[in-house]
Amino acid sequence: MSIIHPFQSSVSTNDGTLVFTVVKNTILAFRCNPGSWNYSLAGSWVDTLDRTNLIKEKVIKEQQRQLAENAAAAATKKSKSTDGEPVVRSVAKVPTPGTGAPPIYSIVRNLLLSRDNKMLFACADSDKSILVLKIDTNNKENCLTLVKRQPYPKRPNAIATTEDNEKVIMVDKFGDAFEMIINEEPKDKINEFEPILGHVSMLTDVMMKKDPESGKQFIITSDRDEHIKVSHYPQCFIIDKWLFGHEEFVSTLCDFLWDPRLLVSAGGDNYIFLWDWISGKSLFKFDYSELIQPYLTDANLAPARFQNETNDIVEYAVSKVVSFANLPYIAFFVEATKALVILKINKDDYSLSLFQIIELPCNLISLFANTTQDELLITLDNRESSEKDFIKFVAFNPEQNKFVINEDKGKSIDKFITDKLKNNENVTISSKDDVYPLYNIANLKKHGEAFS
Amino acid sequence: RAHSNPFSDHQLEYPKSPSDMDWSRLYPYYKDESTGKMTNKVTIADIGCGFGGLLIDLSPKFPQDLILGMEIRVQVTNYVEDRIIALRNNNVTKQGYQNINVLRGNAMKFLPNFFEKGQLNKMFFCFPDPHFKQRKHKARIVTTTLLSEYAYVLKEGEGVVYTITDVEDLHLWMVKHLEAHPLFERLDEEWEKNDECVQIMRNATEEGKKVERKKGAKYIACFRRISNPEIII
């Protein structure tokens, strides 16, 4: 029996009529007919690129190269130690490629819509590329067409678009940020690309901002070494400031339409930070460690090699923080928990306080805020509840003065997904364990050289 | 060991931000006991200070500056610490060597945790690890992206980056990257000739002495941190 793979992420257009989701290496588009909760499949795109063999070839080639290098070195070089005595040169070890390499997943991640909703950007792990897909709502067969695929030397971790909509900014696993002109043919010679800025640490998120008073543009980047860096844009070589305060890696940044000076960040420590990124001031530091305790499970225990004798070290991290266009709230979730936490921002003193916790039927995987509709899209690890709980919609209900799950909308999309996709090989798996990596954030925690 | 991987997650101690740094621990002589504040700031940094030769020679020349050596290798740092303690003890009467110290740190990652914008007058990169292999070039201490961070901690219009190496290839690499960076401008030979730090750098460090013994070449290049250009809007 096959089951539909959990949805790894989702975004929706400003008017909410199109929902894009990633399932395995497939991007799906659903159309929600206005005024009803009738869904239809509007398009799909599958990343068919399989690099397994390519990588194997590369590994063998590198091994041959190293062996040849060793042979050449042994034949020509005679080294001397500092006091002039000849020494026997030890031959550098050449690793033999094993069979135990972890499987390569052609994950698609970081769905991002262009500001005008005519393009969809994504990152493909398979060849470390940025994908540009055109959204053509007039095409009734398939609204998604791949128009560009730009590979990079290192894996993209996050993307953003520039104010003028002409470029995509990408930050990678190696710590570099690159700029890509959207309407330009893909470039080769990827190893010669010049980064616009870099950190000596994995980059985790990026954001393009403008100071409304001075009109100056900035690029804000976060990394695995607690750093949030604010640089001028396009003169990225001029660093404006750092936002200091985090005690562990930063995994997610979020800004606000209703106040462009505000920025929220979170990651591997116990705090949600609210910043005025223009003045560089930390406005508030919200400690969420206590409220999350009831929702932590065995899934949040540290990996075995970092465990203690009583096996009770927990390691958790905020996966994603989002804001609303018109409402003074932020929503976030801690990886591998069922809790959606909503904090209220007090506009008088910029303090954060707990507003509401919504417990979902399964662990959250992704969170997206449709800023025009002020609606949250949540995808869930629904392997246990099969055939339901793929996507949940959450919105603010002014009458009840709280956020509520739109159960009917969720149910109708669940039903549609099950009916439409259960025989689609691209999105199904044969067993619950045959799943793409859904929890990647807590792994960013550093354990120091004692373990390395 | 001779090398340390600048990308690995060392268990390093660093302040959360420059204002969290307790400099009095390293320079107790410069703490004003009545206010609890430091009277002077670190203005000279020797990145990858090795055995500390440069710090020791710079110390008497810049009595108003606090000079910090940063070194990533634990044992080397411990050695320099001991060396400075001994020097301070032997020069108690004239309070010598109170303005230098060393700390173990990864300058490539955490420099901005220690120094505020424009705090430094001089930064030294003496005989850095050449990282010969092409794919290790990002590990070099001078790269285009890191230069922006050095420019941030250097004083606009005044700060100077000093580089010296016996590896010509690395020298050309550093010059190329510094020249290409919009915030640095090379200082000419005349300037080098008249600058006392250049002379000290040429002769003070242990690496420099080793090269001298082997009659190897020493390549020097110095760059000024120029003022920021006008911001494009």
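Me: Why is B:Gln95 called partly exposed?
Reply: B:Gln95 has a relative accessible area of 32%. Buried means under 20% and exposed means over 50%. The value lies in between, so B:Gln95 is partly exposed. This is a predicted model.

Me: Where is B:Gln95 found, and what is its phi?
Reply: B:Gln95 is in the loop between helix H2 (74–90) and strand S5 (100–104) of chain B. Its phi is positive, about 50 degrees, although B:Gln95 is not a glycine.

Me: Why does A:Asn110 count as partly exposed?
Reply: A:Asn110 has 24% relative accessibility. Under 20% would be buried, and over 50% would be exposed. A:Asn110 is therefore partly exposed. This residue is found in strand S6 (residues 108–113) of chain A. A:Asn110 is not a glycine, yet has a positive phi of about 60 degrees.

Me: What makes the bond between A:Tyr233 and A:Pro234 a cis peptide bond?
Reply: Look at omega, which is about 5 degrees for the cis peptide bond joining A:Tyr233 and A:Pro234. A:Pro234 is found in the loop between strand S16 (228–233) and strand S17 (239–242) of chain A.

Me: How do you know that chain A agrees with a compact globule?
Reply: With 452 residues, a compact globule would have a radius near 22 Å. Chain A has 24 Å, which agrees. The C-alpha trace of chain A spans about 85 × 55 × 55 Å along its principal axes. Of the 452 residues, 55% count as buried.

Me: What is chain A built from?
Reply: Chain A has three helices and 30 strands. Take its contacts between residues at least 6 apart in sequence: 50% of them join residues at least 24 apart.

Me: How do you know that chain A and chain B are in contact?
Reply: Contact means heavy atoms within 4.5 Å. By that test, 38 residues of chain A are in contact with 33 residues of chain B. The area buried between the two chains is about 3000 Å². Carbon and sulfur atoms give 57% of that area.

Me: Why is the pair A:Glu247 and B:Lys16 called a salt bridge?
Reply: The closest N and O atoms of A:Glu247 and B:Lys16 are 3.2 Å apart. The cut-off is 4 Å, between a side-chain nitrogen of Lys or Arg and a carboxyl oxygen of Asp or Glu. The pair therefore meets the rule. Across the interface of chain A and chain B, the rule finds four salt bridges. The count of residue pairs in polar contact between the chains is 10.

Me: Which strands supply at least two residues each of the side of chain A that touches chain B?
Reply: Strand S13 (197–198), S16 and S17 of chain A each do. The largest share, four residues, comes from S17(A). By class, this side has 12 nonpolar, 13 polar and 13 charged residues.

Me: What makes helix H3 (residues 107–114) of chain B largely enclosed?
Reply: Eight of its eight residues are buried, so H3(B) is largely enclosed by the rest of the structure. Among them are B:Met108, B:Lys109 and B:Phe114.

Me: What do the buried residues of H3(B) pack against?
Reply: Their partners include S17 of chain A. Also among the partners are strand S3 (42–47) and helix H4 (144–153) of chain B. At the start of H3(B), a side-chain oxygen of B:Asn106 reaches to within 3.1 Å of the backbone nitrogen of B:Met108.

Technical notes:
Residues are numbered from 1 along each chain as its sequence is written. Chains are lettered from A and ligands numbered from 1 in the order in which they are written. This is a predicted model: local features need pLDDT of at least 70, side-chain atom pairs count only at pLDDT 80 or more; totals for chains, interfaces and linings use all residues. Side-chain values use heavy atoms; hydrogens and water are left out. Buried means under 20% relative accessible area, exposed over 50%, partly exposed in between (1.4 Å probe, protein chains only). Buried area is the accessible area (1.4 Å probe) that two parts lose on being put together, summed over both. A polar contact is a pair of N or O atoms within 3.5 Å; within protein, one must be able to donate a hydrogen and the other to accept it, and residues adjacent in sequence count only if both atoms are side-chain atoms. Ala, Val, Leu, Ile, Met, Phe, Trp, Tyr, Cys and Pro count as nonpolar, Asp, Glu, Lys and Arg as charged, and the others, Gly among them, as polar. The radius of gyration is taken over C-alpha atoms; the globule rule is 2.2 Å times the number of residues to the power 0.38.
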